Amino acid sequence: MIISVNGETKTFKTEILTIQQLLEQMSFGEGIAVALNEEFVLRTTYNETNINDGDRLDILSPVQGG
Amino acid sequence: MTNITTWEIEGKRFNSRLMIGSALYPSPKIMEDAIKASGSQIVTVALRRQSAGENGDNPFWELIKELDITVLPNTAGCHTAKEAITTAMMAREVFGTNWIKLEVIGNQYNLQPDPFALVEATNVLIKEGFRVFPYMTDDLVLAHKLADLGCTTLMPWGSPIGSGRGLMNPYNLKTIRKQFPDLQLIIDAGIGKPSDAIEAMELGFDGVLLNSAVALAQEPVIMAEAFKHAIYAGRLSYEAGAMQKRDMASPSTPTVGTPFWHQFK
């Protein structure tokens, strides 16, 4: 399955079904927010939100801002 | 000190009328010291893609949390209403606040906000329960549109982001102030020197949001303190009401009893 994660194409051999599983496998910690195909995904739904081949994920965290 | 400058914005009360950015400082330590020296109680932050494998380590965010001040997330870098709306939703979850500094950039050269996308995004976000701080041009009609949507704070630019050009169009800013006496008006972007901030405050603006002017100063921490005093002084000046300008000089020292008095011809 090929997924775009933060603009980088990633190929997953093992089947990743949900956002929660992807975050754990890629060692994303807490303090993040996720958009799937440019739509915001509530943190409480990571476990039940499936990822499909070709999906685009953006995983954001706090940075400096003006 | 008098507490004349205590003010309320979006349901919270503050002493400082300076809102400060957290970007572009030479080091995290200087950022921390500058924010403290500024006396600001509101700091702007942003969201960007996180690298995998960081396990949530984020020294910047830890440092901001330790400052224990109000955070105002922005949607910097967004070019469409949809991007800004999604970013705002993500910011609300990460930062735990419904405040959002709404930026939708319409031109890459001067980073001018797109008024149409700004209105579109504001309309959605207010319905979603956000307190929107719209970064906008100094357009009076745009101000009316945003106020009609329910914005109680407006943030017109002084001049383009990071330009340090001060207030390009005091007339427009003054007009917005006159037309919206009950809204909180913040000058956001373009401030270069403390004297620019004083000018903004003397126009009757409720506060100033700046970043580059402090972060890019030769001595950011000292400049932060300079802005702290400037904004306070500017507000006091506005509250006090400046004297009218006159064409003719008028002596301040009494003329009665002047020795060696003589009449100029």
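In this predicted model, the area buried between chain A and chain B is about 2400 Å², and carbon and sulfur atoms give 57% of that area. The size of an interface is often given in this way, as the accessible area lost when the parts come together. Counted by residues, 28 of chain A are in contact with 31 of chain B.

**Contacts between the chains**

- Between chain A and chain B there are 15 residue pairs in polar contact, with both residues of each pair at pLDDT 80 or more.
- The elements of chain A that give two or more residues to the side touching chain B are β3 (33-36), β4 (39-41) and β5 (56-64), and the largest share of that side, 7 residues, comes from β5(A).
- Sorted by class, the side of chain A that touches chain B has 14 nonpolar residues, together with 9 polar and 5 charged ones.

**Strand pairing across the interface**

**Salt bridges**

- Side chains of opposite charge can pair when their charged atoms come close.
- The count over all chains comes to 14 salt bridges, while the count between chain A and chain B is 2.
- A salt bridge links the side chain of Arg49(B) with that of Asp58(A), at 2.7 Å from N to O.
- Inside chain B, the side chains of Lys36(B) and Glu32(B) also meet in a salt bridge, at 3.1 Å from N to O.
- Both Lys36(B) and Glu32(B) lie in helix α1 of chain B, which covers residues 28-38, and they are 4 residues apart, about one turn of the helix.

**Chain A on its own**

- Chain A has 1 helix and 5 strands, and from the N terminus on its elements follow the order β-β-α-β-β-β.
- The radius of gyration of chain A is 12 Å, close to the 11 Å that the globule rule gives for 66 residues, so chain A is as compact as a globular protein of that length.
- Taken along the principal axes, the C-alpha atoms of chain A fill a box of roughly 40 × 25 × 20 Å.

Methods. Residues numbered from 1 in each chain as written. Chains lettered and ligands numbered in written order. Predicted model: local features only at pLDDT ≥ 70, side-chain atom pairs only at ≥ 80, totals over all residues. Heavy atoms only, no water. Contact = heavy atoms within 4.5 Å. Buried area = accessible area lost by both parts, 1.4 Å probe. Salt bridge = Lys/Arg side-chain N within 4 Å of Asp/Glu carboxyl O. Polar contact = N/O pair within 3.5 Å; in protein donor to acceptor, adjacent residues only side chain to side chain. Nonpolar A, V, L, I, M, F, W, Y, C, P; charged D, E, K, R; others polar. Rg over C-alpha atoms; globule rule 2.2 N^0.38 Å.
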